[in-house]
Amino acid sequence: MPDTVILFKLHEECGRLINLHDWLLAFAEIVCPGKQPDRSVQARFIQGVMELQYLGFVKRSGRKTDHVSRLTWGNV
């Protein structure tokens with residue numbers, strides 16, 4: 001699956017605020033199971049998050065610097 005699809009599926013499982021570090025670890029567990037995320041996995045994660053932000057699914061949180069806010073309806 002493309003990285004954006006993986007991130008979107010993880011996005012649907014989260015609440016209103018998404019912790020970026022936890023989201024990265026969940027993404028890395030799917031992309032390379034059993035390993036710590038290296039720089040290439042981190043770059044893929046950041047690019048996928050930026051694509052979701054461009055599409056309007058998430059935005060930077062004003063309250064916490066390490067969180068993003070969901071902009072879609074769903075399980076909250």
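Me: Which residues of α2 meet α3?
Reply: In this predicted model, the α3 side of the contact consists of Val 41, Gln 42, Arg 44, Phe 45, Val 49 and Leu 52. The residues of this contact divide into ten nonpolar, one polar and one charged. From α2, the residues that meet them are Leu 20, Trp 23, Leu 24, Phe 27, Ala 28 and Val 31.

Me: At roughly what angle do the axes of α2 and α3 cross?
Reply: α2 passes α3 in a right-handed crossing. The two axes come within 10 Å, and the crossing angle is roughly 115°.

Me: Are α1 and α2 oblique or roughly parallel to each other?
Reply: Helix α1 covers residues 3-12 and helix α2 residues 20-31, and their axes lie 10 Å apart at an angle of about 130°. Angles under 35 degrees count as roughly parallel, over 145 as roughly antiparallel and 65 to 115 as roughly perpendicular, with the rest being oblique. The angle of about 130° therefore makes α1 and α2 oblique.

Me: Which residues of α2 make the contact with α1?
Reply: α1 passes α2 in a right-handed crossing. On the α1 side the contact is made by Asp 3, Ile 6, Leu 7, Leu 10 and His 11. Eight nonpolar residues, one polar and one charged make up this contact. The α2 residues are Trp 23, Ala 26, Phe 27, Ile 30 and Val 31.

Me: How are α1 and α3 oriented to each other?
Reply: Their axes are 9 Å apart and pack at an angle of about 70°. The range 65 to 115 degrees counts as roughly perpendicular. α1 and α3 are therefore roughly perpendicular.

Me: Which element gives the most to the lining of the largest pocket?
Reply: The pocket holds about 210 Å³ of space. The elements giving two or more residues to its lining are β2 (58-60), β3 (67-70) and α3 (39-55). With five residues, the element that gives the most is α3.

Note on methods:
Residues are numbered from 1 along each chain as its sequence is written. This is a predicted model: local features need pLDDT of at least 70, side-chain atom pairs count only at pLDDT 80 or more; totals for chains, interfaces and linings use all residues. Side-chain values use heavy atoms; hydrogens and water are left out. On a 1 Å grid over the protein atoms alone, a cavity is a set of points where a 1.4 Å probe fits but cannot get out, and a pocket is an open set with protein on both sides within 12 Å along at least five of seven lines; lining residues have an atom within 4 Å of a point. Grid points are joined across faces, edges and corners, and a volume is the space filled by probe spheres set on the points. Helices (H or I, at least four residues) and strands (E, at least two) are DSSP runs, numbered from the N terminus. Axes are lines fitted to C-alpha atoms, for helices over the stretch in contact, and angles run from 0 to 180 degrees between N-to-C directions. A crossing is left-handed if the near helix is turned anticlockwise from the far one by less than a right angle, and right-handed if clockwise. Contact means heavy atoms within 4.5 Å. Ala, Val, Leu, Ile, Met, Phe, Trp, Tyr, Cys and Pro count as nonpolar, Asp, Glu, Lys and Arg as charged, and the others, Gly among them, as polar.
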